[in-house]
Amino acid sequence: WVCALYNQRAQLAKQLGGASASATGVPPVVSAITDASSGWVCRDCSRSRRRDEAEGEGEVDSSMIKQCSLSRELEDAVEEGLREAGVSCERVAVRVVSSIKCVSHAKEAMVQRQWSSGEAYPAEFPFRSRAIMALQRVDGHEVIIFMMYTQEYGDDCPQPNSRRVYISYVDSVRYFRSQPDGHRSTAYRALLCAYLRSCRARGFQHVHIWVEPPRAGDEYIFYARPPEERRPMKREKLRSWYCKMLERSKADGVVLKYGGMLEEFRGITSARQIPLFKGDQWEITVPALLEEEGEDGDEAGGAGASAAGASRGPNAPLSPHGSQSSSRPQRLKGLAMCKTVSEDLVNKVQKQMRRLQGHFLVSTLAPLAEGETVLEEEGGEVSYEVVNSRQAMLHHCMRHALQFNSLRYAQYSTMMLLYEMMHPNAPASGAASYCLPSCLRGRADDGSIMIACDVCDNWFHTGCLLDVPAGDESFVCPLCIDAKAEYIEGKLAGGCFSDLIDCEEGEIAAHH
């Protein structure tokens with residue numbers, strides 16, 4: 001058998017260089033290439049040629065992923081943190097492998113409820129999804145040692161999510177190598193502290209962290225981790241780890257304060273003030289409490305229902321959903337929520353916060369000092385379909401048996417993931433790929449409005465298209481137009497475009 005990491009051309013060049021060195025007494029690093037066809041080649045060009053040939057053989061590493069200001073800042077922070085701790089190791093490479101615009105759609109119960117404040121609840125919350133990857137070269141090959149997925153809700157997002165960051169998933173494997181050992185936490189804490197510092201500099205005010213260790217048998221990001229890492233971690237231990245990181249950021253002047261959900265939202269007057277993030281526990285809990293309220297019927301006979309009935313009058317038309325006594329449909333249609341009902345809902349939410357105490361951390365970032373300006377977002381979209389979401393990466397690894405249960409497997413899995421990222425047009429992932437290659441939403445179905453092509457049946461985000469058909473007009477996507485230009489122009493008719501072009505069978509045959 002042959003190892004998948006074996007590079008025949010690089011190995012032969014290495015052996016040839018070693019044989020030449022033993023015969024001439026000159027080390028291979030300073031020997032030059034002499035070729036009858038190309039003449040003498042200097043040492044630097046020889047080294048460059050070998051590197052180019054090795055890359056041509058399919059070797060991929062993190063250097064092929066473009067860096068941005070955030071990745072450079074995080075990478076430098078990890079290096080500085082390790083150096084301050086007196087740790088020597090191979091440099092940890094940090095890359096932002098996904099930075100795409102997404103939308104979180106509010107639950108129907110939240111949108112239809114008329115809140116006591118009188119404000120309508122937003123139907124959607126735009127945010128930027130980020131994936132941050134850390135790699136280290138171990139025994140000659142790079143290994144992914146850390147992954148983090150975050151959601152950044154900026155100024156363009158309505159309250160209560162505006163200027164908040166949600167760290168949804170953090171995962172790592174124990175292949176970090178250093179001298180002395182035992183400094184994985186040093187590297188990861190330095191990375192997270194640098195990320196919080198970047199969030200503060202970019203104008204964010206709060207960072208939410210989900211403290212939920214994977215249960216036995218669960219996989220968050222890395223598939224088939226080593227058996228010794230599959231033992232479930234206690235939530236108290238994970239929370240303590242995050243608290244140490246936040247204490248360090250607090251000492252650096254980045255974090256002003258931090259605490260649990262109940263401590264942060266103890267003084268709220270409406271459940272509308274609680275931020276709900278995509279995939280978050282509270283995105284499910286708060287709407288569920290609203291629906292539970294609508295089913296018990298207590299509010300229908302209370303002051304809120306009486307006041308609503310009096311305002312409508314005895315001759316007011318019935319609700320389209322039923323009679324005037326149908327409490328839930330009426331309330332969802334916009335009847336005002338009285339103060340007692342609002343306080344009752346807040347009490348129920350806070351009761352859930354006490355029950356889930358320790359599951360979440362909310363940190364308030366220190367305000368910018370006088371003279372500090374908000375940093376503008378640098379760079380455009382970064383989208384690699386295989387890592388745009390933690391589900392995409394996990395499912396790809398599961399389909400292709402890319403495991404992390406040993407160092408050798410992890411090296412191979414890392415190489416294959418990087419190769420998949422570098423060749424986005426190769427259908428290796430086997431997953432559905434929506435929209436255009438230049439899609440602003442990572443070619444994923446994020447819940448935004450999409451339209452299907454009448455030719456290829458693929459779906460496209462209307463926000464990524466220059467021309468969107470109106471009404472029932474037929475739609476042919478730009479990919480089909482480019483790929484089948486001759487068909488569209490009528491030079492040749494056939495295949496799936498035969499329905500779009502009026503050609504007689506004889507005319508079609510005449511073209512062949």
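## Overall composition

Of the 512 residues in the chain, 44% are buried. The structure is a predicted model. Its secondary structure comprises 16 helices and eleven strands.

Among contacts with a separation of 6 or more, 70% are between residues 24 or more positions apart.

## Strand S4 and its partners

Strand S4 spans residues 124-138 and is mostly covered, with twelve of its 15 residues buried. Strand S3, residues 92-105, runs antiparallel to S4 and is joined to it by 13 bridges. Within this pairing, Pro126 of S4 lies opposite Val103.

S4 also pairs with strand S5, residues 141-153, in an antiparallel arrangement of eleven bridges. Here Ala131 has Tyr149 in S5 as its bridge partner. S4 and S5 form a hairpin with two residues between the strands, where Asp139 adopts a positive phi near 55°.

## Arg189 in helix H5

Arg189 belongs to helix H5, which covers residues 184-201. Is this residue buried or exposed, and which side chain of opposite charge is nearest? Arg189 is buried, and the nearest such side chain is that of Glu247, 11 Å away. A salt bridge requires a side-chain nitrogen of Lys or Arg within 4 Å of a carboxyl oxygen of Asp or Glu; Arg189 has none.

When residues up to four places away in sequence are not counted, Arg189 touches Trp241, Lys244 and Met245. The surroundings of this buried arginine thus include Lys244, with which Arg189 is in contact.

Key:
Residues are numbered from 1 along each chain as its sequence is written. This is a predicted model: local features need pLDDT of at least 70, side-chain atom pairs count only at pLDDT 80 or more; totals for chains, interfaces and linings use all residues. Side-chain values use heavy atoms; hydrogens and water are left out. Buried means under 20% relative accessible area, exposed over 50%, partly exposed in between (1.4 Å probe, protein chains only). Helices (H or I, at least four residues) and strands (E, at least two) are DSSP runs, numbered from the N terminus. Two strands pair if DSSP finds at least two bridges between them. Lys and Arg count as positive and Asp and Glu as negative; His and the chain ends are not counted. Contact means heavy atoms within 4.5 Å.
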